[in-house]
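Reader: Could we go through this one together, starting from the inside and then turning to the charged pairs?
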Amino acid sequence: GLVALWEEGVLEPTAAQIAERAGVAVRSVYTHFGDIESLASEVVQRQWQVHGPKQDMSAITGSLSRRVTEIVSRRASLYEAITPVRRAGMLYLHRSETIAANLGQLERVLRAQVGETFAPELGRCGAEVSAVLDAADVLLTWETWDRLRTLQGCSVARARRVLETALIRLLEPTRE
């Protein structure tokens with residue numbers, strides 16, 4: 001019901017729309033979930049359960065090129081899968097502690113992966129380590145992915161190439 005509406009672009013559906021989609025009475029929506037925000041929180045938690053286990057959030061090893069390609073590939077897969085629900089969840093973020101907590105948890109896990117995956121390069125940054133980690137992290141956020149795909153009109157392949165190029169340029173040791 002709700003996820004299908006979100007995937008169709010109906011980001012703030014009414015209880016009547018949700019009930020119609022689910023084939024139940026509007027009263028059933030409120031009886032089972034209490035309110036729309038509770039339903040939204042439940043859907044976001046289910047999305048975490050569905051998509052979280054599919055994602056390998058561990059550090060990636062190998063050459064810098066391999067690590068960059070792999071982390072961008074993982075993020076592209078995740079972001080393509082969660083974008084419709086993420087957009088809707090962002091509308092509820094300011095009024096839902098559950099949604100805010102889930103998004104915060106995801107962001108912390110993904111940032112830790114960036115730090116672990118690029119530890120060798122970050123170790124060479126000296127005093128700039130925090131700035132370089134912040135830059136790599138922001139390149140790999142859903143917000144950056146969504147901007148590339150939506151506002152800039154990039155295909156998945158093009159968005160991946162943009163991120164790979166930016167990460168290599170950011171992290172590759174300078175040649176003197």
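Author: What follows takes up the cavity, the nonpolar cores and the salt bridges in turn. This is a predicted model, in which local features need pLDDT of at least 70 and side-chain atom pairs count only at pLDDT 80 or more, while totals for chains, interfaces and linings use all residues. Residues are numbered from 1 along each chain as its sequence is written, and side-chain values use heavy atoms, with hydrogens and water left out.

Reader: OK, what volume does the largest cavity have?
Author: The largest cavity has a volume of about 210 Å³, where a cavity is a set of points on a 1 Å grid over the protein atoms alone at which a 1.4 Å probe fits but cannot get out, and lining residues have an atom within 4 Å of a point. Of the 15 residues that line this cavity, the closest to its centre are Val44, Gln47, Ile82, Leu103 and Leu106.

Reader: And which helix gives the most to that lining?
Author: That is α5, with five residues; helices here are DSSP runs of H or I with at least four residues, numbered from the N terminus.

Reader: Switching to packing, how many residues are in the largest nonpolar core?
Author: The largest nonpolar core has 28 residues, and Ile71, Val72 and Tyr79 are among those with the most contacts inside it. Such a core is a set of buried Ala, Val, Leu, Ile, Met, Phe, Trp, Tyr and Cys residues joined through side-chain atoms within 4.5 Å, with buried meaning under 20% relative accessible area, exposed over 50% and partly exposed in between (1.4 Å probe, protein chains only). Helix α5 gives the most to this core, with eight residues.

Reader: Now the charges: which residue does Glu143 form a salt bridge with?
Author: Glu143 pairs with Arg86, the closest N and O atoms being 3.0 Å apart; a salt bridge is a side-chain nitrogen of Lys or Arg within 4 Å of a carboxyl oxygen of Asp or Glu. Because Glu143 lies in helix α9 and Arg86 in helix α5, the pair ties together parts that are 57 residues apart in sequence.

Reader: Is Arg86 buried or exposed?
Author: Arg86 is buried, with a relative accessible area of 6%, whereas Glu143 counts as partly exposed at 38%.

Reader: What about Glu70, which partner does that one have?
Author: Glu70 forms a salt bridge with Arg74, with the closest N and O atoms 2.9 Å apart, and the two are four residues apart in helix α5, so about one helical turn separates them.

Definitions and conventions. On a 1 Å grid over the protein atoms alone, a cavity is a set of points where a 1.4 Å probe fits but cannot get out, and a pocket is an open set with protein on both sides within 12 Å along at least five of seven lines; lining residues have an atom within 4 Å of a point. Grid points are joined across faces, edges and corners, and a volume is the space filled by probe spheres set on the points.
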